Amino acid sequence: MSVLSKLPWIRRYAIENERLRTKLTESRQQVRELREREERMAQDAELLRQAREYDYYWREAFKRIDIRQLMPFGEVADRVIRDRRTYLNVDRLYTLWQAVESLPPEAHAVAEVGVYRGGSAWFVADALRRRGREMPFYVCDTFQGHVEVDEELDGLHRPGVQFTRVKAEKVAKYLRGFPFVRVEVGDIRETAPTFAAENAFGLVHLDVDVYPITRFCLEFFGPRIVPGGVIVADDYGTTTCEGVKKAVDEFVAANPGFRVFHLLTGQAVVTRLGGS
Ligand SMILES: C[S@@+](CC[C@H](N)C(=O)[O-])C[C@H]1O[C@@H](n2cnc3c(N)ncnc32)[C@H](O)[C@@H]1O
């Protein structure tokens, strides 16, 4: 039999082959889409599982006041968040805002330890100004990251690892519109003695993430807080910063004149009792 006589059969074979190849490509595409859909469904299921687990936190959330709409708080918070100068979100900033609003009249100083790029310090300074309560505001950081951690308690925090890419001069420049701000550069255990005579703090924001420094700050500032004044300890409820909770709990247990409130923002508000 000649090749010519086989041609119709070869053509039919080629056409059938092409049809099967197209079908195979389509099937592969369908399998890919099904896998992607399956992955998306697994992700949604995981999100749903997490949402159910944290239901206590979100329950009735849609009925709550949207604090971003509370002015002027909302615009001040928006400004520092947009400047990308703070790790604090609007909820934690609102705690600081309220602490400034309720500063006791006897308060004559404010401090922040753990400034990093200066966002939370700028926010507190602006809140003080709007409230007509400009007073010495000690803004303290090594500006070189951690100097001491407790490796058992402080998760992944290590000297020379986190918060090292920042310059004190740049932060000072960012805060230059507030002449009452005093930028204290260095380990707080060395800079604090330079303002030890200050004994009427109304608000101290502690945001250093680690046990030994939180503990030092509580012992240093505690006796210098006026009645009704507060220490806001960031990350008290953060599982990767166990040292903060330990330091605060130890301080409150040893000092009956203080009470601690754990907020769902992760912050602790340590209040000195006795305000009238
Ligand atoms: C989480 S950051 C502060 C974040 C900042 N409050 C914000 O608004 O994003 C922690 C800071 O604590 C500082 N810090 C850690 N140990 C310190 C110490 N012994 N003295 C002063 N600052 C310290 C670090 O340098 C770092 O900048």
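**Pockets, a helix and salt bridges**

The second largest pocket has a volume of about 540 Å³. The elements that give two or more residues to its lining are α5 and β2 (137-141). The model is a predicted one. In total, 31 residues line the second largest pocket, and G114, Y116, F163, D207 and V208 lie nearest its centre. Sorted by class, this lining has 12 nonpolar, 8 polar and 11 charged residues.

The largest pocket holds about 660 Å³ of space. It is lined by 17 residues, and the closest to its centre are Y57, R64, I65, I67 and D91. Two helices, α2 (55-58) and α4 (90-101), each supply at least two residues of the lining of the largest pocket. Of the elements, α4 gives the most to this lining, with 5 residues. By class, the lining of the largest pocket has 9 nonpolar, 4 polar and 4 charged residues. As for how such spaces are found, rolling a probe the size of a water molecule over the atoms shows where empty space is left.

Helix α5, named above for the second largest pocket, can be looked at by its length and by its surroundings. The helix covers residues 119-130, which makes 12 residues. At 1.5 Å a residue, α5 should span 16 Å, and its end C-alpha atoms are 17 Å apart, which agrees. Is the helix mostly enclosed or open? Because 10 of its 12 residues are buried, α5 is largely enclosed by the rest of the structure. Here a residue counts as buried when its relative accessible area is under 20%. The buried residues of α5 are G119, S120, A121, W122, F123, V124, A125, D126, A127 and L128. After the helix comes G132, whose phi is positive, near 70°.

The salt bridges are the next topic. Side chains of opposite charge can pair when their charged atoms come close. The structure holds 21 salt bridges. One of them joins the side chains of D187 and R189, with 2.8 Å from N to O. D187 is buried, at a relative accessible area of 12%, while R189 counts as partly exposed, at 28% relative accessibility.

Another salt bridge pairs E219 with R215, and their closest N and O atoms are 3.4 Å apart. Both residues lie in helix α8 (residues 211-221), where they are 4 residues apart, about one turn of the helix. E219 counts as partly exposed, at 46% relative accessibility. R215 is partly exposed too, with a relative accessible area of 35%.

Helix α9 (residues 242-254) holds both E250 and K246, which are 4 residues apart, about one turn of the helix. These two residues form a salt bridge whose closest N and O atoms are 2.8 Å apart. E250 counts as partly exposed, with 28% relative accessibility, and K246 is partly exposed, with a relative accessible area of 35%. How are R215, E219, K246 and E250 joined? Salt bridges that share partners link these four residues into one network.

Methods
Residues are numbered from 1 along each chain as its sequence is written. This is a predicted model: local features need pLDDT of at least 70, side-chain atom pairs count only at pLDDT 80 or more; totals for chains, interfaces and linings use all residues. Side-chain values use heavy atoms; hydrogens and water are left out. The expected span of a helix is 1.5 Å times one less than its number of residues. Buried means under 20% relative accessible area, exposed over 50%, partly exposed in between (1.4 Å probe, protein chains only). On a 1 Å grid over the protein atoms alone, a cavity is a set of points where a 1.4 Å probe fits but cannot get out, and a pocket is an open set with protein on both sides within 12 Å along at least five of seven lines; lining residues have an atom within 4 Å of a point. Grid points are joined across faces, edges and corners, and a volume is the space filled by probe spheres set on the points. Ala, Val, Leu, Ile, Met, Phe, Trp, Tyr, Cys and Pro count as nonpolar, Asp, Glu, Lys and Arg as charged, and the others, Gly among them, as polar.
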